[in-house]
Amino acid sequence: MSEFEDAFVINSTACFYALLAFLPLLDARNSSEKSLTRETRIKSQFIATSSIGTFSRRPGMGFAYAASKAAVIHMVKQMAMYLAPYHVRCNTFCPGIYPSVMSQEMMGTADLTKEGTILQDIVPATRVGTEEDVAGAMLFLAVAPVSGIVRAI
């Protein structure tokens with residue numbers, strides 16, 4: 001039970017309190033003279049990391065992991081609505097499978113970034129993501145799933 005609860009504390013609760021901790025800075029950025037000029041219409045933005053696992057019916061990294069990351073998505077949707085009058089944008093980044101410490105056990109030592117290394121019913125692009133995939137992600141929506149190519153599951 002404690003491992004299940006820990007997933008929510010780490011992934012969801014921490015996300016919420018991180019936003020609260022940075023609200024004064026986000027507000028200060030939007031209140032500064034520089035943010036009001038025509039050339040710099042950049043407003044503050046909070047970006048939370050969720051997971052592509054929230055869209056899968058397979059438990060992949062575990063039930064608690066996927067559920068806690070789905071909670072992040074919903075929470076950020078609510079944050080986006082609540083903070084809109086204050087000009088603070090809120091987005092969620094949902095990376096798929098990428099080489100990392102977390103995925104190392106699942107991926108092993110093979111280079112799974114090459115097409116054809118993963119079954120298409122697991123990842124439609126038949127490979128894991130690369131740094132270029134992450135760098136190319138544009139965050140225009142409340143939820144931005146990125147991982148090769150994603151299909152509805």
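Trainee: Hi! What's the mean pLDDT of the protein?

Mentor: It's a predicted model, and the mean pLDDT is 80. Of its residues, 80% reach 70 or more.

Trainee: And which elements have the highest and lowest mean pLDDT?

Mentor: Helix H1, residues 2–31, has the highest, at 94. Strand S3, residues 143–146, has the lowest, at 53.

Trainee: OK, switching to rings. How many aromatic pairs does the structure hold?

Mentor: It holds 2. One of them is Phe4 with Phe8, with ring centres 5.6 Å apart.

Trainee: Why is the pair of Phe4 and Phe8 called tilted?

Mentor: Because their planes sit at 35 degrees, and a pair counts as stacked under 30 degrees and as edge-to-face over 60, with the rest tilted.

Trainee: Where do Phe4 and Phe8 lie?

Mentor: Both are in helix H1. They're 4 residues apart, about one turn of the helix.

Trainee: How exposed are Phe4 and Phe8, then?

Mentor: Phe4 has 43% relative accessibility, so it counts as partly exposed. Phe8 counts as partly exposed as well, at 26%.

Trainee: What about Phe16 and Tyr17, what kind of pair do they form?

Mentor: An edge-to-face one. The rings are 5.2 Å centre to centre, with 80 degrees between the planes.

Trainee: Is Tyr17 buried or exposed?

Mentor: Tyr17 is exposed, because its relative accessible area is 51% and the cut-off for exposed is over 50%.

Trainee: Now for something else: where is Ser12?

Mentor: Ser12 is in helix H1.

Trainee: Why does Ser12 count as buried?

Mentor: Its relative accessible area is 7%, and buried means under 20%.

Trainee: What does Ser12 touch?

Mentor: Leaving out residues up to four places away in sequence, Ser12 touches Ala7, Ser68, Ala71, Val72 and Met75.

Trainee: How far apart are Ser12 and Val72?

Mentor: In sequence they're 60 residues apart. In space, Ser12 and Val72 are 5.4 Å apart, C-alpha to C-alpha.

Definitions and conventions:
Residues are numbered from 1 along each chain as its sequence is written. This is a predicted model: local features need pLDDT of at least 70, side-chain atom pairs count only at pLDDT 80 or more; totals for chains, interfaces and linings use all residues. Side-chain values use heavy atoms; hydrogens and water are left out. pLDDT is the predictor's confidence in each residue, from 0 to 100. Helices (H or I, at least four residues) and strands (E, at least two) are DSSP runs, numbered from the N terminus. Rings of Phe, Tyr and Trp (its six-membered ring) pair if their centres lie within 6.5 Å; planes under 30 degrees apart count as stacked, over 60 as edge-to-face and the rest as tilted. Buried means under 20% relative accessible area, exposed over 50%, partly exposed in between (1.4 Å probe, protein chains only). Contact means heavy atoms within 4.5 Å.
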